[in-house]
Amino acid sequence: MSTADLFAAAPAPVRRDEPLCAGAVVLRGFALADEAPLLQALDAIVAQAPFRHLITPGGFRMSVGMTNAGPLGWVSDRRGYRYDPIDPYSDQPWPPMPPVFRQLAGAAAAHAGFAGFVPDACLVNRYEAGTRLSLHQDRDERDLGHPIVSVSLGIPAVFLFGGLQRSDRQLRVPLAHGDVVVWGGPARLRHHGVLPLKPNHHGVLGDCRINLTLRRAG
Ligand code: SIN
Ligand code: FE2
């Protein structure tokens with residue numbers, strides 16, 4: 001078989017847009033074209049700032065492992081939630097924002113109708129089987145005029161996408177490796193979360209899901 005035949009036989013990556021509501025869209029497969037540089041940059045971040053389980057202001061250990069890249073990192077402890085330029089575990093700045101993260105976030109935001117998005121914070125979440133993220137709003141950022149760009153890698157998860165009121169009913173959105181969700185404008189303060197992950201295996205990332213949440217925080 002020639003090289004051309006091999007490419008012809010490979011299934012085309014799934015690339016389509018699925019609007020969730022005004023201001024929110026799932027960009028299926030949007031990150032797949034950047035898979036290799038994304039994963040390489042992720043390894044460098046985790047080597048410098050390993051995943052850790054933060055403590056909530058209420059004293060609970062979060063089941064999601066977290067780290068950050070960029071000028072600002074999201075942290076939680078007994079004093080509350082905040083963005084900090086310093087990693088409290090190393091007393092050093094967070095690893096720099098990889099150019100591929102910044103470029104992917106800008107392109108995804110622009111594709112969703114939010115031109116000119118330049119993230120200054122990337123929260124990296126690691127989920128294992130059974131790990132969940134309870135329903136919340138992203139509201140620790142200074143200017144809520146900027147959207148959120150969320151990149152899913154590894155094993156699949158079900159993203160809960162609710163309304164402005166906590167009690168509003170939630171969409172259940174399956175997210176797979178390479179999917180990107182963007183929400184901003186009228187959707188910026190919608191509640192969201194992640195259902196407990198089912199055990200699974202991903203060829204590249206193993207038994208976990210990694211989510212990159214890119215924000216303009218400062
Ligand atoms: C988050 O809300 O910070 C992350 C959402 C996700 O993991 O998909
Ligand atoms: Fe969030």
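Student: What makes H136 a polar contact of ligand 1?

Tutor: In this predicted model, an N or O atom in the side chain of H136 is 3.1 Å from an oxygen atom of ligand 1. The cut-off for a polar contact is 3.5 Å between N or O atoms, so the pair of H136 and ligand 1 qualifies.

Student: How much of ligand 1 does the protein cover?

Tutor: On its own, ligand 1 has 260 Å² of accessible area, and the protein covers 98% of that. The space taken by ligand 1 is the largest pocket.

Student: Which elements give two or more residues to the shell around ligand 1?

Tutor: They are β8 (121-127), β9 (133-136), β14 (192-194) and β15 (209-215). The largest share, 4 residues, comes from β15. By type, the shell holds 4 nonpolar, 6 polar and 2 charged residues.

Student: Now the aromatic rings. Why is the pair of F161 and W183 called edge-to-face?

Tutor: A search of the whole structure finds 4 aromatic pairs. The ring centres of F161 and W183 are 6.1 Å apart, and the limit for a pair is 6.5 Å. Their planes stand at 70 degrees; over 60 counts as edge-to-face, so that is the name for this pair.

Student: What parts does that pair tie together?

Tutor: F161 lies in strand β11 and W183 in strand β13, so the pair ties together parts that are 22 residues apart in sequence.

Technical notes
Residues numbered from 1 in each chain as written. Chains lettered and ligands numbered in written order. Predicted model: local features only at pLDDT ≥ 70, side-chain atom pairs only at ≥ 80, totals over all residues. Heavy atoms only, no water. Polar contact = N/O pair within 3.5 Å; in protein donor to acceptor, adjacent residues only side chain to side chain. Areas by Shrake-Rupley, 256 points an atom, 1.4 Å probe, with all protein chains shown as cover. 1 Å grid on protein atoms, 1.4 Å probe; cavity = no way out; pocket = protein on both sides within 12 Å on 5 of 7 lines; lining within 4 Å. Sits in = over half its atoms within 2 Å of the grid points. Nonpolar A, V, L, I, M, F, W, Y, C, P; charged D, E, K, R; others polar. Phe/Tyr/Trp six-rings, centres within 6.5 Å; stacked < 30°, edge-to-face > 60°.
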